[in-house]
Amino acid sequence: MNDRTEQMDDLQLVALPTAVGCTEMFVRFSATEWNLRPMRDAAAQAGRALAQAVVGAANPANPGMLTARIRVAGPDLVIEIETPRVARTPAIPDGPRVGVTDLGDGRYLLWASLPLPGGMNASAVPLPRRQRRPSPAAAIEAAREPLHDDGDDVMQRILFGLSNTQDRHRR
């Protein structure tokens, strides 16, 4: 069996209640973008439950960060939340496999694994191919005649700005 990760996206969030909805939307969007619409609701529910477990274990005065991750690996869609706090494995109805892994160095990984539809493997998922393209505004700006600047003027403006900032802090 090939458990190689074919696609992965992640998102860093502050472990506050807003992270729960953000994680759910992030997982839902990724599943949709990866043409895994039949799994979208179950994956979003799993992501929400994992994020709720982490946020519930966080100290609101010092919540820390969490990393929400979704990946397609082997025969599964895996949703993960990496956190510096120990959190309990949530009960998720309709049964994805769930667990907590101690990554060492004070890092923990809550995860849920859902089988891909129809016995599909990660390499068979029709994933989008992303390309870096300039935005329309950047393309228009690049088409304009470039400014001729020998660099000294830019450095002078930076130094002037820095000296003014330092003067304001001394007052």
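Q: Which residues are linked in a network of salt bridges?
A: In this predicted model, the network of salt bridges links Arg69, Arg71, Glu80, Glu82 and Arg107. The structure holds eight salt bridges.

Q: What does arginine 69 meet in a salt bridge?
A: The side chain of arginine 69 meets that of glutamate 80, at 3.2 Å from N to O. Arginine 69 lies in strand β2 and glutamate 80 in strand β3, so this pair ties together parts that are 11 residues apart in sequence. Glutamate 80 also forms a salt bridge with arginine 71, where the closest N and O atoms are 3.0 Å apart.

Q: Are arginine 69 and glutamate 80 buried or exposed?
A: Arginine 69 counts as buried, because its relative accessibility is 13%, and glutamate 80 counts as buried at 5%.

Q: And glutamate 82, which salt bridge does that one form?
A: The side chain of glutamate 82 meets the side chain of arginine 107 in a salt bridge, with 3.3 Å from N to O. That pair links distant parts of the chain, since glutamate 82 is in strand β3 and arginine 107 is in strand β5, 25 residues apart. Glutamate 82 counts as buried at 18% relative accessibility, whereas arginine 107, at 25%, counts as partly exposed.

Q: What else is around glutamate 82?
A: There is a polar contact of 3.1 Å between the side chains of glutamate 82 and arginine 69. Leaving aside neighbours within four places in sequence, the residues in contact with glutamate 82 include Met65, Leu66, Thr67, Leu103, Tyr108 and Leu109.

Q: Switching to the strands: what order do they take in the sheet?
A: Five strands form an open sheet in the order β1-β2-β3-β5-β4, and the pairing is antiparallel. β1 (5-14) and β4 stand at the edges with a single partner strand each, so one side of each has no neighbour in the sheet. On average, and ignoring direction, neighbouring strands of this sheet are turned by 20° against each other.

Q: What stands opposite tyrosine 108?
A: Threonine 83 stands opposite tyrosine 108 in β5, and tyrosine 108 is also the bridge partner of aspartate 102. Leucine 109, likewise in β5, has threonine 101 opposite.

Q: Now the helices: where does α1 lie?
A: Helix α1 (residues 18-33) lies across β1, β2 (65-73) and β3, and runs at about 160° to β1.

Q: And valine 54, where is its place, and is it buried or exposed?
A: Valine 54 is in helix α2 (residues 40-57), and it counts as buried because its relative accessibility is 2%. Beyond its neighbours within four places in sequence, valine 54 is in contact with Leu66, Ile81, Thr83, Ala87 and Leu110.

Q: How far apart are valine 54 and tyrosine 108?
A: From C-alpha to C-alpha, valine 54 and tyrosine 108 are 9.9 Å apart in space, and in sequence they are 54 residues apart.

Technical notes. Residues are numbered from 1 along each chain as its sequence is written. This is a predicted model: local features need pLDDT of at least 70, side-chain atom pairs count only at pLDDT 80 or more; totals for chains, interfaces and linings use all residues. Side-chain values use heavy atoms; hydrogens and water are left out. Two strands pair if DSSP finds at least two bridges between them. Helices (H or I, at least four residues) and strands (E, at least two) are DSSP runs, numbered from the N terminus. A polar contact is a pair of N or O atoms within 3.5 Å; within protein, one must be able to donate a hydrogen and the other to accept it, and residues adjacent in sequence count only if both atoms are side-chain atoms. Contact means heavy atoms within 4.5 Å. Buried means under 20% relative accessible area, exposed over 50%, partly exposed in between (1.4 Å probe, protein chains only). Axes are lines fitted to C-alpha atoms, for helices over the stretch in contact, and angles run from 0 to 180 degrees between N-to-C directions. A salt bridge is a side-chain nitrogen of Lys or Arg within 4 Å of a carboxyl oxygen of Asp or Glu.
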